[in-house]
Amino acid sequence: MVVLAGPAGSGRSTFTAVALHELRHGLGEDLGTALLPCDDRTVTDVRRYEQPLYGDAHLLPAALASGSPRPLVHRLSRRTGRRERALTFLLLDTPESWFAGGEPAEGELRSLAGADAIVLLLDPRDLTGAVPRPAGRPGAAGSALVVDRVLDRLRTAGAGSPDRGRIGIPVAVALAKLDLVAPQLPPNSPLHRRRSPGPGFDAADRSAVDTELRALLALWRSDGIDQRLREACADYQLFAFSALGRAPRGDAVPPGGPRPHRVEDPLMWLLYRFGLLDRAGRER
C-alpha cells in the first residue's frame, strides 16, 4: 500500500489520476506492465478521477481534490520471458483532515501502520525562494507543516520496521507543479530531462535528480525540510514532476490534455524497491 499525502492544493488527486493513467497506457506499455482494477469500486473511483481531466478537460472538483480514505486497489504485473512478477497495488489518497492537527483517529493510524511506502507532495508555492508566492497565499508553513505532521503520524503509527527510531518504510518526497519552477532552472538541470525509454529503472538518473533537488532545497532555504527528512527517515528520495505539464487556466486543463513530465518517477522508484522493476540494462 502506497499512501499519498500533501498540503491542500499540492495536486495529490491530479497526481493519482495522471499516474494511474500513465501506468495503464504509455508508461505501462514501455515497462511491459499490466494494471488491472481488483474490484468494481476501484473501477468507479478511477473513472471519477480520470473523467474530469481526460474527458471534460477540467481540474478535479474540490470534493475529490480533498482526498478519500478509500484506497484504489489494482493488480500490477510484469512478464519477462516465462516469468511473471505481480503485486497487489493499493494507492490511498489521504484526506487533508488526517494531517490538519489534533489527535489522529484510530483508523488513520491503522492505515499508516499498514503502509509499505509513502509519497509526500510539496507545493513549490509554499517554499521560500522557489517561486514568487501568489497574492493572498499564506506563508511557507503549508508544505513544511504537513511534512512535520506526516512524519509525526508515521512515527506514532510505527510505520515499517523502525531504524534507530526513524521511519522504516520508503518515503518519496516529490516537488509537484515543476512547471512553476522550471523557468528558473539552468539549461543542464536533470529536471528538464525526460525518462529514457525502456523497461528498467535508471539509477544514475535517479541519483542526479535527487542530488539536484537537495541542492535546490538548500538554495531556497526551505525551512530545513531536507534536514528533517534526513533525521526522521531511514530511506527517502527527492523527486519533482508536473502532472499536467503546463499551468492550468483557471479550472481548465491546458489544450491537448495532461502532458505529464516525470510524474512516473516516484512510482518507478517504489516499484524498483518492491522488486517489480530491474535496473536499466538488467533483466532477471
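## Spaces inside the model

The largest pocket has a volume of about 540 Å³. Of the 23 residues that line this pocket, Gly 9, Gly 11, Thr 14, Leu 59 and Lys 177 are the closest to its centre. Keep in mind that this is a predicted model, where local features need pLDDT of at least 70, side-chain atom pairs count only at pLDDT 80 or more, and totals for chains, interfaces and linings use all residues. Residues are numbered from 1 along each chain as its sequence is written, and side-chain values use heavy atoms, with hydrogens and water left out.

**What the words mean**
- On a 1 Å grid over the protein atoms alone, a cavity is a set of points where a 1.4 Å probe fits but cannot get out, while a pocket is an open set with protein on both sides within 12 Å along at least five of seven lines; lining residues have an atom within 4 Å of a point.
- Points are joined across faces, edges and corners, and a volume is the space filled by probe spheres set on them.

- Helix H1 (12–24) and helix H7 (178–181) each give two or more residues to the pocket lining (helices are DSSP runs of H or I, at least four residues; strands are runs of E, at least two).
- H1 provides the largest share, 3 residues.
- The lining divides into 10 nonpolar, 7 polar and 6 charged residues (Ala, Val, Leu, Ile, Met, Phe, Trp, Tyr, Cys and Pro are nonpolar; Asp, Glu, Lys and Arg charged; the others, Gly among them, polar).

**The cavity**
- There is 1 cavity of 30 Å³ or more, and the largest cavity has a volume of about 60 Å³.
- Its lining has 10 nonpolar residues, no polar and no charged ones, including Leu 122, Trp 220 and Phe 239.
- Strand S6 (171–175), helix H8 (203–220) and strand S7 (236–240) each supply at least two lining residues.
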